[in-house]
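Hi,

Here is the structure I promised to pass on. Have a look at it first, and my notes follow below.

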Amino acid sequence: MNSGVNGGKNNGKNGGWKNEMEMEFDAVSANESFARVAVAAFVSELDPTLEEISDIKTAVSEAVTNAIIHGYDGMEGGKVRIRCRIDGDVVHIEVADEGTGIGDVEKAMEPLFTTKPELNRSGMGFPFMEAFMDDLEVLSKPGEGTKVLMKKKIGCIPWIGDEE
């Protein structure tokens with residue numbers, strides 16, 4: 001595993017805080033929980049709510065699982081790469097593999113669509129990522145791999161109440 005964190009700094013844009021990290025790990029199921037906890041720890045500097053952390057962990061878990069199960073489809077030696085960037089109050093997360101790629105991204109993103117029904121896959125990975133994150137983009141090319149790009153604004157739920 002390789003990982004690196006660029007120390008946080010004020011980037012001067014809108015007074016925003018900026019920090020980034022990158023890690024790469026073997027495409028094995030045991031690393032899915034590691035990935036989601038590592039991203040959650042990285043995001044913690046923004047003081048997210050438990051719901052925001054849960055959303056991020058679920059989306060990362062789904063993206064990493066897709067890379068392992070579908071991207072590498074049992075091939076040995078595959079790697080999953082995660083890049084995270086904090087820009088102000090927005091978290092950017094990229095999960096990438098260099099596996100088989102997706103022939104029809106639009107079809108793959110449909111709820112309940114799965115190419116692995118024999119593994120009891122529900123076909124809800126992309127719909128969950130889309131539901132839990134503010135933005136989702138999937139870039140893929142058959143034979144070259146897939147990049148899942150996600151964004152989430154932290155602390156965007158307005159506080160209602162405090163009426164006296």
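**Second largest pocket**

Four strands each put at least two residues into the lining of the second largest pocket: S3 (79-87), S4 (90-97), S5 (135-141) and S6 (145-153). Bear in mind that this is a predicted model.

By residue class that gives six charged, four nonpolar and one polar.

**The H1/H2 pair**

The other thing I looked at is how helix H1 (residues 31-43) packs with helix H2 (residues 50-71): the angle is about 145° and the axes lie 9 Å apart. H1 and H2 cross in a right-handed sense.

Which residues meet there? From H1 they are Glu32, Ala35, Arg36, Val39, Ala40 and Val43, and from H2 they are Ile53, Ile56, Lys57, Val60, Ser61, Val64 and Thr65. Sorted by class, the residues of this H1-H2 contact are eight nonpolar, three charged and two polar.

**Confidence**

Average pLDDT for the protein chain is 81, with 72% of the residues scoring at least 70. Two stretches stay under 50. One is residues 1-6, where the model has 15 contacts beyond four places in sequence. The other is residues 11-15, where pLDDT is also under 50 and the model has four such contacts beyond four places in sequence.

That's what I have so far.

Cheers

Methods
Residues numbered from 1 in each chain as written. Predicted model: local features only at pLDDT ≥ 70, side-chain atom pairs only at ≥ 80, totals over all residues. Heavy atoms only, no water. Axes fitted to C-alpha atoms, helices over the stretch in contact; angles between N-to-C directions. Left-handed = near helix turned anticlockwise from the far one by under 90°. Contact = heavy atoms within 4.5 Å. Nonpolar A, V, L, I, M, F, W, Y, C, P; charged D, E, K, R; others polar. pLDDT = per-residue confidence, 0-100.
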